[in-house]
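Good morning, and thank you for coming. Please look at the structure on the screen while I go through its pockets and its helix contacts.

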Amino acid sequence: MAVTKQLSTPHLSYYRNKKINPVFIDTNSDKWSNHLCARRNFYENHLKIPISWFNGKDILEFGPNGGENSLILAMYGAKITLVEPHQMMHERIRALFTDKSLVDHLIKIDARTLENYQDKSKYDLVIAEGFIPSLPNKFEAISKLFSLSDDFVIFSYTERSGCFFEGLKRALFRRLIEIYDINDGERDQIIELAQRIFLYNFNKLGSARTFDSWVEDILLNPQDLSQQFLSVFDQFIPIFKELDFNYYSGSPFWDLRYAHKWYKNTSVTSLKEEYRKNIPFFITGKKNEGITSDCIQMMISMTDIFMDYSSGFKDFSEIQTLPRLSSSEWVYAKEINELLDLLSENKPEEIINYYIKSNLCDLWGMPNHYVCLKRK
C-alpha cells in the first residue's frame with residue numbers, strides 16, 4: 001500500500017476530524033438486498049452497462065468509502081483497485097471483502113488522494129463517486145480519471161438546480177438549531193431534532209444509508225458551499241469532447257433524445273438542449289414539472305444562499321431579504337414563501353408543524369447526478 005503526504009480537501013478533513021463514515025451501508029441488514037437490486041438497476045437500466053460486462057474487468061475506484069458498492073462489482077467478477085485517503089475506512093473494506101469471500105478480487109487499497117495518485121496502468125472502468133464536486137479543481141480531477149481509463153469513466157457531481165430542496169432543508173434545520181440554541185457538540189439533541197423533522201419522509205426514500213449518516217453528511221456538513229460544491233452539467237461537455245470521450249449514459253436518466261423515435265429518424269436536439277429542458281425535473285424529481293425560466297433563475301440564486309447560510313458563511317439576514325417566488329410561475333411557490341416568512345419568527349414548533357404538513361417535506365429533488373462516459 002502506497003502512502004504519501006495527504007492534500008486533504010475540506011470534506012475529507014471534516015470526515016477525518018469527526019471520524020465519520022459519510023455513507024454507512026449495513027451489509028447484514030434487510031436493506032442490503034434492496035441495495036443490491038438498486039445498484040444492478042443503476043448499472044444496467046440507467047448507465048446501460050450489463051452486469052455480465054463486469055466479469056474479469058479491471059476497475060479502479062476513487063473514494064469508495066467503506067467499499068460496499070465496490071464489493072458488489074467484485075460479486076459480479078470484477079478485479080478491484082481502491083484509492084481511499086480516509087484510512088479509517090480501510091479496515092472496514094478488508095473486513096467486507098473477507099466476510100463475503102471476495103478478498104481475491106481486491107487487488108489493493110491505496111491511501112493517496114486522487115490528486116496524488118500515480119498509475120501507469122489503464123483500467124476498463126474508472127469510478128469516482130460522491131466527492132469530485134468538493135475538490136478545488138474538479139475539471140482537472142475529471143481529466144485525470146479519463147487518463148486512467150481505456151473504456152468507461154463514471155463520476156458523480158452535484159447539480160446546482162437539483163439542490164434547491166436539499167438547500168432548503170439545510171437552511172430550515174440550521175435556523176431551528178439557532179432558535180433552540182443547540183450547540184454543535186450536542187449531537188444527541190441535533191439528531192433528535194432531525195428525526196422530528198425529516199425521519200418519516202427520509203424512510204420513504206428507501207435509502208440504504210443510515211439516517212444519522214445522512215444528517216452528518218448532508219444537513220450538517222459545513223463544507224457544502226455554493227461556489228465550491230455545486231456544478232451544472234453543460235460545463236463538463238467541452239471537457240468530454242477535448243479528452244476524446246462521449247457522453248454514454250447517466251442517472252437520473254434524463255437523456256430522452258432518442259426516445260419514441262423510429263431508428264431511421266436521426267435528427268435530435270443537442271445534449272446541452274436536452275439537459276436544459278430537464279432542469280425542472282432536477283429541481284423536484286417530478287416529470288413534466290412546470291416552472292418558468294425566470295423562476296428557475298431565482299431558485300438557483302436562493303439555493304446558493306441556502307447552502308452558504310447553512311454552512312455558516314452567510315448570516316440569516318440573507319435569508320430574510322431573499323425575494324419571494326411568484327405563485328403564478330410555480331405550484332410550490334406559495335408554500336416556500338410562507339415557510340421562509342415563518343423562519344423569521346422565533347416559533348420553532350410552528351415552523352416544524354408547518355413544514356411536516358406541507359408538500360415540501362416530500363420533495364427532495366435530484367441533487368446527485370452520475371455521468372457515464374465512453375472513450376471514442
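This is a predicted model: local features need pLDDT of at least 70, side-chain atom pairs count only at pLDDT 80 or more; totals for chains, interfaces and linings use all residues.

The lining of the second largest pocket divides into six nonpolar, three polar and four charged residues. In this scheme Ala, Val, Leu, Ile, Met, Phe, Trp, Tyr, Cys and Pro are nonpolar, Asp, Glu, Lys and Arg are charged, and the others, Gly among them, are polar. That pocket has a volume of about 300 Å³, and of its 13 lining residues, Leu256, Lys277, Asn278, Lys287 and Asn288 lie nearest its centre. Helix 11 (271–277) and helix 12 (279–284) are the elements that give two or more residues to this lining.

Residues are numbered from 1 along each chain as its sequence is written, and side-chain values use heavy atoms, with hydrogens and water left out. On a 1 Å grid over the protein atoms alone, a cavity is a set of points where a 1.4 Å probe fits but cannot get out, and a pocket is an open set with protein on both sides within 12 Å along at least five of seven lines; lining residues have an atom within 4 Å of a point. Helices (H or I, at least four residues) and strands (E, at least two) are DSSP runs, numbered from the N terminus.

How many cavities of 30 Å³ or more are there? The count comes to one. The largest cavity holds about 30 Å³ of space, and its lining consists of Tyr157, Phe233, Tyr247, Trp254, His369, Tyr370 and Val371. Strand 7 (residues 368–375) gives the largest share of that lining, three residues. By class, six of the lining residues are nonpolar, one is polar and none is charged.

I turn now to the helices. The axes of helix 6 (residues 164–180) and helix 16 (residues 348–357) come within 10 Å and cross at roughly 155°. The two are therefore roughly antiparallel, a term for angles over 145 degrees. In this contact (heavy atoms within 4.5 Å), helix 6 contributes Lys169, Leu172, Leu176, Ile179 and Tyr180, and helix 16 contributes Pro348, Glu349, Ile351, Ile352 and Tyr355. Eight of these residues are nonpolar, none is polar and two are charged.

Finally, helix 2 (residues 31–46) and helix 3 (residues 68–75) pack at an angle of about 70°, with their axes 11 Å apart. That makes helix 2 roughly perpendicular to helix 3, the word used for 65 to 115 degrees.

Technical notes: Axes are lines fitted to C-alpha atoms, for helices over the stretch in contact, and angles run from 0 to 180 degrees between N-to-C directions. Angles under 35 degrees count as roughly parallel, over 145 as roughly antiparallel, 65 to 115 as roughly perpendicular and the rest as oblique. Grid points are joined across faces, edges and corners, and a volume is the space filled by probe spheres set on the points.
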